[in-house]
Amino acid sequence: MATERPVPDKLRVFSLNCWGIRFSSQHCAQRYEMIGDLIASEQHDIALLQEVWSERDFLFLKRKLSSCHPYAHYFKSGVIGSGLAVFSRHRIQDALLYQYSLNGYPYMLRHGDWFGGKAVGLVVVDVFGLKAHVYVTHLHAEYSRAQDEYLPHRIVQSWELLQFVRHTSCGADVVILGGDLNMHPQDLGNRLIRAHTGLRDCYTETDTFDGCEDGHTLIAVNHFTKKQDLIPFEKGIRIDYILMKGSKKVSMKCESLSTTKGSVAGKPFPYSDHEALTAELTLLQSEESREHGQRNISDSQTAISEQMDVVAEASAVVKDGLCHTETLQARALHLMGGGLLLLLLPLLMILLPCLCSCSHFSFTTTGLLAAAGAVFMLSGLLFYLLFITHIKVLKETEDQMKLTSDDLQSKLSGSRASGFFSSSDGSPESSSSFKREE
């Protein structure tokens, strides 16, 4: 019989998209004061924050939380930063950042995701002798449910996220991922992440839930929420998550999950345009612990079939994104060609005086044509180079997905030949059911 050893009974994890865009987000300074008070008073072990775009705001929170959360890390990337920050009561031993290869377009200024340097950050935390790998991330936003031009980018980000977690969580006793995934629970990218990492959604696993209806984290009654962001979901959507996974050494169970509910008692406005999540996780350590309610994702025919299906779906989306990007690249070439023609026209006018004398062009017009030609040609070149990098990323992701699909097919064929899969303890693996349906 497995022998149990003492471990921390509870681990409280907090996650919030802070909506901290300086000079744009409303009541930024006051809300950071409120967020700091909330984290301190609720005694969270680990706080995972997104959209802390200003390092000045991070330093403010660091000073405010120094007595209760002495360990902190701010992840820097992109033009204005990744916006990711971690505060912990337990020692942070190491940190690593991976910036996503695709993250929108620099010319889409009204969206601005490209400038944010979206990424996934990892901190290795010593939780009473246990090695906890804690990830915080923020994926590209979905601006239109009906016409989602950024879907291939978000799928690539989901793929890179799951690859990063898979390859960096080896040897971890506890794995936790929190953040704003900008995806609904059954969206393709979300299913891709869960199927290939074994991470479990705290909302579907929790024994007790106290929060917004259906776990929504972007709700209509929030004072800051833009109602057009919820179309066609009138009441709200769930796009913020805390995911968890144990190990052979430690099993994890979500005892309770709660969210804020828009308004804050005694305050004139909410913490953010998103609702905060708090998960209370129970850890149980044993020499041969089986993950609570978790399937062994590598040892189940059903799980492998699910992985193959979701990879096939993702690969199709990436392929569509590749075709679209190649079209954009062709348009960039046309822009370069148009710019070249505009540059050549003034040269022809200079070389052919008779043409110039017979025309109505002035030197001013000639100069304007040359300037416009140079601008068009340079813009076309920059766009062409941008789309080349996007095409390479999409092709690389497609190739990686094919390798994974081939490997899964090989495993599935082998399983059918042997008749069944056995779990890590030698018994046939049975599937577990979620406690809460989406």
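A search of the whole structure turns up 1 cavity of 30 Å³ or more. A cavity here is a set of points on a 1 Å grid over the protein atoms alone where a 1.4 Å probe fits but cannot get out, and lining residues have an atom within 4 Å of a point. This is a predicted model, in which local features need pLDDT of at least 70 and side-chain atom pairs pLDDT 80 or more, while totals for chains, interfaces and linings use all residues. Residues are numbered from 1 along each chain as its sequence is written, and side-chain values use heavy atoms, without hydrogens and water.

The largest cavity holds about 40 Å³, a volume being the space filled by probe spheres set on the points. Its lining includes Asp201, Arg238 and Leu277. Strand β14 (240-245) gives the most to that lining, with 3 residues; strands are DSSP runs of E, at least two residues.

Now the rings. There are 15 aromatic pairs, meaning rings of Phe, Tyr and Trp (its six-membered ring) with centres within 6.5 Å; planes under 30 degrees apart are stacked, over 60 edge-to-face, the rest tilted. Trp19 and Phe224 have ring centres 5.1 Å apart and planes at 50°, so this pair is tilted. Trp19 lies in strand β2 and Phe224 in the loop between β12 and β13, 205 residues apart.

Are these two buried or exposed? Trp19 is buried at 13% relative accessible area, and Phe224 is buried at 6%; buried means under 20% with a 1.4 Å probe, protein chains only.

Conventions:
On a 1 Å grid over the protein atoms alone, a cavity is a set of points where a 1.4 Å probe fits but cannot get out, and a pocket is an open set with protein on both sides within 12 Å along at least five of seven lines; lining residues have an atom within 4 Å of a point. Helices (H or I, at least four residues) and strands (E, at least two) are DSSP runs, numbered from the N terminus. Buried means under 20% relative accessible area, exposed over 50%, partly exposed in between (1.4 Å probe, protein chains only).
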